[in-house]
Amino acid sequence: MTFVVNLLLGLLFGIGLVVSGMSDPAKVLNFLDLAGTWDPSLAFVMIGAVLVAFLGYRVVLKRDRPLLASAFRLPTAKDVDARLLSGAAIFGIGWGLGGFCPGPALTALGLAAPGALVFLPAMFAGLWAARMLTLARSPLKEA
């Protein structure tokens, strides 16, 4: 049952990305181009998303536990370190150069967007490289 609910929520999220224009890299790049052909429409998408998340968390976290799990699993880390800042910077640079972030890139692939065919392999290569770097720096290396 959890799988079906997650699948339906993922489909709803993907439809929202397509309808909002987030899966169109030209629209995203125009939103980021403050000095040129700026398109403020995605600001309304972000404001709406923040508002829904804010209200949703207020309602849901009043419950003792989630509907389909035994407990809430919320992030506990609060420290801002170089790893977090560099990851955010790389994410932002990739978003600015490609016009995609991971979720919209996956929906754009489903729409046969040519840019997604370049962006997604590069994204997965970056994820793999980051994982390898993390494992290489880990004090507990596998034998």
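1. Helices here are DSSP runs of H or I with at least four residues, strands are E runs of at least two, and both are numbered from the N terminus. With that in hand, Asp-33 sits in the loop between helix 2 (25-32) and helix 3 (41-60). Asp-33 counts as partly exposed because its relative accessibility is 30%; the scale is buried under 20% relative accessible area, exposed over 50%, and partly exposed in between, with a 1.4 Å probe and protein chains only. Asp-33 and Gly-96 lie 63 residues apart in sequence, and their C-alpha atoms are 9.1 Å apart in space.

2. A word on provenance before going on. This is a predicted model, in which local features need pLDDT of at least 70 and side-chain atom pairs count only at pLDDT 80 or more, while totals for chains, interfaces and linings use all residues. Residues are numbered from 1 along each chain as its sequence is written, and side-chain values use heavy atoms, leaving out hydrogens and water.

3. Now the overall fold. Along the principal axes, the C-alpha atoms fill a box of roughly 45 × 45 × 30 Å.

4. On surface and burial: buried residues make up 16% of the 143 residues in the chain. The accessible surface comes to about 11,000 Å², and 74% of that belongs to carbon and sulfur atoms. These areas come from the Shrake-Rupley method with a 1.4 Å probe, and for residues only the protein chains shown count as cover.

5. Contacts next, where contact means heavy atoms within 4.5 Å. Taking contacts between residues at least 6 apart in sequence, 37% join residues at least 24 apart.

6. Have a look at helix 1 (residues 2-20) against helix 5 (residues 102-110): they pack at an angle of about 85°, and their axes are 10 Å apart. Axes are lines fitted to C-alpha atoms, for helices over the stretch in contact, and angles run from 0 to 180 degrees between N-to-C directions. Helix 1 and helix 5 are therefore roughly perpendicular; the classes are roughly parallel under 35 degrees, roughly antiparallel over 145, roughly perpendicular from 65 to 115, and oblique for the rest. Gly-14, Leu-17 and Val-18 of helix 1 meet Gly-103, Pro-104 and Thr-107 of helix 5. By class, this contact of helix 1 with helix 5 has three nonpolar, three polar and no charged residues. Nonpolar covers Ala, Val, Leu, Ile, Met, Phe, Trp, Tyr, Cys and Pro, charged covers Asp, Glu, Lys and Arg, and the others, Gly among them, are polar.

7. Thr-107, in helix 5, counts as buried because its relative accessibility is 17%. Leaving out residues up to four places away in sequence, Thr-107 touches Gly-14, Leu-17, Val-18 and Ser-23. Val-18, in helix 1, is partly exposed at a relative accessible area of 37%. Setting aside neighbours within four places in sequence, Val-18 is in contact with Ser-23, Thr-107 and Leu-111.

8. Then the other helix pair. Helix 2 and helix 4 (residues 82-98) pack at an angle of about 115°, with their axes 8 Å apart, which makes helix 2 roughly perpendicular to helix 4. Pro-25, Val-28, Leu-29 and Leu-32 come from helix 2, and Trp-95, Gly-96 and Gly-98 come from helix 4. By class, the contact of helix 2 with helix 4 has five nonpolar, two polar and no charged residues.

9. Leu-97 is in helix 4 too. Leu-97 is exposed, with a relative accessible area of 71%. Its C-alpha atom is separated by 36 Å from that of Phe-72, 25 residues apart along the chain.

10. One backbone detail to check by eye: Ala-112 has phi near 60°, a positive value in a residue other than glycine. Ala-112 is in the loop between helix 5 and helix 6 (114-137), and counts as exposed at 60% relative accessibility.
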